[in-house]
Amino acid sequence: MVKIRMSRVGRKNLPIYTIVATDSRAPRDGEVLEKLGQYNPKAAEALKGVNVEGIKAWLSKGAQLSDTVRTLLKRNNVKL
């Protein structure tokens, strides 16, 4: 099953998360199918470059959003 979740990048004490579509059995920072945007919790504009059309396409194929990504998108008024 494909999940849309976050993968951690960045350095120590400065996390940046990439929103990715990946196999649910893959490790958190493992191989990804597609990068769909970035989340920087310490920036003024937290979400950057979110590919809404890409997320909709994966959802139409049966992918599921993780709870964290669903909450993040809803909090930042991203309409799916």
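Visitor: Which residues are exposed on the other side of α2?
Guide: This is a predicted model. On that side of α2, the exposed residues are D67, K74 and R75.

Visitor: And which residues of α2 are buried?
Guide: Those are V69, L72 and L73. They lie on the same side of α2, because the arc they cover around the axis is only 95 degrees.

Visitor: What covers the buried residues of α2?
Guide: The cover includes the strands β1, β2 and β3, together with β4 (47–48) and β5 (64–65). The helix α1 is also part of it.

Visitor: How many residues does the largest nonpolar core have?
Guide: It has 16 residues. Among those with the most contacts inside this core are I4, I19, V69 and L73.

Visitor: Which elements give two or more residues to this core?
Guide: They are the strands β1 (2–11), β2 (14–23) and β3 (34–39), and the helices α1 (52–60) and α2 (67–75). The largest share, 3 residues, comes from α2. As a general matter, nonpolar side chains in soluble globular proteins tend to be buried together.

Visitor: Let us turn to I4. What does I4 touch?
Guide: Leaving aside residues up to four places away in sequence, I4 touches a list that includes I19, V20, A21 and L36, as well as I55, W58, L59 and V69. One of these, A21, is the bridge partner of I4 in β2.

Visitor: How do β1 and β2 run, parallel or antiparallel?
Guide: β1 and β2 run antiparallel and are joined by 10 bridges. β2 is also joined to β3, again in antiparallel fashion, by 5 bridges.

Visitor: What lies in the loop between β1 and β2?
Guide: N13 lies there. The hairpin has 2 residues between its strands, and N13 takes a positive phi near 65 degrees.

Visitor: Which residue with a positive phi follows α2?
Guide: That is N77, with a phi near 60 degrees. N77 is not a glycine either.

Visitor: Is N77 buried or exposed?
Guide: N77 is exposed, with a relative accessible area of 61%. For N13 the relative accessible area is 61%, and N13 is exposed as well.

Definitions and conventions. Residues numbered from 1 in each chain as written. Predicted model: local features only at pLDDT ≥ 70, side-chain atom pairs only at ≥ 80, totals over all residues. Heavy atoms only, no water. Core = buried A, V, L, I, M, F, W, Y, C linked by side-chain atoms within 4.5 Å. Buried < 20%, exposed > 50% of the residue type's maximum accessible area, 1.4 Å probe, protein only. Helix = DSSP H or I, 4+ residues; strand = E, 2+ residues; numbered from the N terminus. Contact = heavy atoms within 4.5 Å. Pairing = 2+ DSSP bridges. Arc of directions from axis to C-beta.
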